[in-house]
Amino acid sequence: MQKYLKIAFWTAMGFAIFMAILPNSNDLHGIVPDKIQHMAAFASLAILGTLAYPRIPRLLLALGLVVVGGLIEVVQMIPALHRDAEWGDLFADTFAVALILVCMQFVLKALPNR
């Protein structure tokens with residue numbers, strides 16, 4: 001099962017990065033607010049990361065995901081991409097990661113055989 005969770009995590013990571021740096025993307029804007037998209041993506045990554053890599057300290061996982069979010073914002077500064085880098089996006093990513101990792105701590109403790 002761990003193998004499939006790792007595949008799911010890295011697939012989700014690749015998809016999130018691809019969508020974030022896709023030039024002039026019109027993905028779901030107008031349907032789902034931008035910050036909600038960021039929070040959904042990074043919440044999903046936090047859940048998958050926690051399940052795929054249970055031995056990695058949560059703080060290290062959080063740091064890694066926030067760094068990815070920051071790097072995405074830096075890449076979005078490239079003029080040719082016609083994307084907007086925003087501090088608010090990085091805040092949304094960080095908030096989602098922190099919230100999910102705290103929740104996962106309680107969920108995993110409540111599960112039997114943990």
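In the predicted model, Met 13 is in contact (heavy atoms within 4.5 Å) with Leu 45, Leu 65 and Val 68, leaving aside residues up to four places away in sequence. Met 13 is also among the residues with the most contacts inside the largest nonpolar core, together with Phe 9, Phe 42, Leu 45, Leu 65, Val 97 and Leu 101. This core has 22 residues; a nonpolar core is a set of buried Ala, Val, Leu, Ile, Met, Phe, Trp, Tyr and Cys residues joined through side-chain atoms within 4.5 Å. At least two of its residues come from each of helices H1 (2–21), H2, H3 and H4 (87–110). Helices are DSSP runs of H or I, at least four residues long, numbered from the N terminus.

Leu 59 lies in helix H3 (residues 58–75). Leu 59 counts as exposed because its relative accessibility is 71% (buried is under 20%, exposed over 50%, partly exposed in between, with a 1.4 Å probe and protein chains only). Its C-alpha atom is separated by 15 Å from that of Leu 48, eleven residues apart along the chain. Ile 56, in the loop between helix H2 (34–52) and H3, is partly exposed, at 32%.

The mean pLDDT of the chain (the predictor's confidence in each residue, from 0 to 100) is 89, and 91% of the residues score at least 70.

Residues are numbered from 1 along each chain as its sequence is written, and side-chain values use heavy atoms, without hydrogens and water. Local features need pLDDT of at least 70 and side-chain atom pairs count only at 80 or more, whereas totals for chains, interfaces and linings use all residues.
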